[in-house]
Amino acid sequence: MRRIERKAFHFAAAADCVDTWLWRADADYEVLSVHKNQTVIGSDGGAVTLMLEKVPSGTAIGSGTDILSATMNLKSTADAEVAGSLAAGASRRIPKGQWLCADFTGTQTGVAGLGVTVVLIRTGDEPRNSGF
């Protein structure tokens with residue numbers, strides 16, 4: 001059954017903006033959209049960005065497959081929703097068992113109230129209820 005799902009992730013302060021494992025796919029999925037918004041933009045002199053990637057177990061964050069065609073700028077306008085640009089084809093499909101991960105670059109100084117919403121469609125079988 002194909003079902004649309006939304007996953008929301010929140011990073012309250014700059015200290016929370018570290019590479020992290022967000023969610024493990026319990027079936028096959030395809031990413032339909034990614035949006036971010038933040039209350040305070042980054043203030044570091046260099047690039048401050050976020051990339052979402054799919055990462056198999058045993059692989060380091062940063063070595064997975066990018067889901068977006070470009071990083072999301074965390075120094076853009078505060079309190080304004082920004083849509084991420086999706087990578088083409090298979091890059092945005094997350095196989096069962098792989099992880100959706102956040103890969104931050106730069107020094108996240110000043111970033112606060114970052115929210116990221118990922119909309120996906122389940123393309124694989126429903127997980128079976130084991131009765132527990």
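This is a predicted model: local features need pLDDT of at least 70, side-chain atom pairs count only at pLDDT 80 or more; totals for chains, interfaces and linings use all residues.

Trainee: Is Asp 79 buried or exposed?
Mentor: Exposed. Its relative accessible area is 57%, and the cut-off for exposed is over 50%.

Trainee: What about phi of Asp 79?
Mentor: Phi is near 55 degrees. That is a positive value in a residue other than glycine.

Trainee: Next loop along. Where is Ser 91?
Mentor: Ser 91 lies in the loop between strand S7 (82-83) and strand S8 (93-94).

Trainee: And why does Ser 91 count as partly exposed?
Mentor: Because its relative accessibility is 24%. Buried would need under 20%, and exposed over 50%.

Trainee: Which residues does Ser 91 touch?
Mentor: Leaving out residues up to four places away in sequence, Ser 91 touches Lys 54, Thr 65, Asp 66 and Ile 67.

Trainee: How far is Ser 91 from Thr 59, C-alpha to C-alpha?
Mentor: The separation is 16 Å. Along the chain they are 32 residues apart.

Trainee: Let's zoom out. How many helices and strands are there?
Mentor: Zero helices and ten strands. Read along the sequence, the pattern is β-β-β-β-β-β-β-β-β-β.

Trainee: Take S1. Which side chains point where?
Mentor: S1 covers residues 4-11, and its side chains alternate. Glu 5, Lys 7, Phe 9 and Phe 11 point to one face and are buried.

Trainee: How does the radius of gyration look?
Mentor: The chain has 15 Å. A compact globule with 132 residues would be near 14 Å, so the value agrees. The C-alpha trace spans about 50 × 35 × 30 Å along its principal axes.

Trainee: How much of the chain is buried?
Mentor: Buried residues make up 40% of the 132. The chain exposes about 6,800 Å², with carbon and sulfur atoms supplying 51% of that area.

Trainee: Last one, charges. How many positive and negative?
Mentor: 13 positive and 14 negative. Their mean positions are 7 Å apart.

Methods. Residues are numbered from 1 along each chain as its sequence is written. Side-chain values use heavy atoms; hydrogens and water are left out. Helices (H or I, at least four residues) and strands (E, at least two) are DSSP runs, numbered from the N terminus. The radius of gyration is taken over C-alpha atoms; the globule rule is 2.2 Å times the number of residues to the power 0.38. Buried means under 20% relative accessible area, exposed over 50%, partly exposed in between (1.4 Å probe, protein chains only). Accessible areas come from the Shrake-Rupley method with a 1.4 Å probe; for residues, only the protein chains shown count as cover. Lys and Arg count as positive and Asp and Glu as negative; His and the chain ends are not counted. The place of a charge is taken as NZ of Lys, CZ of Arg, CG of Asp or CD of Glu. Contact means heavy atoms within 4.5 Å.
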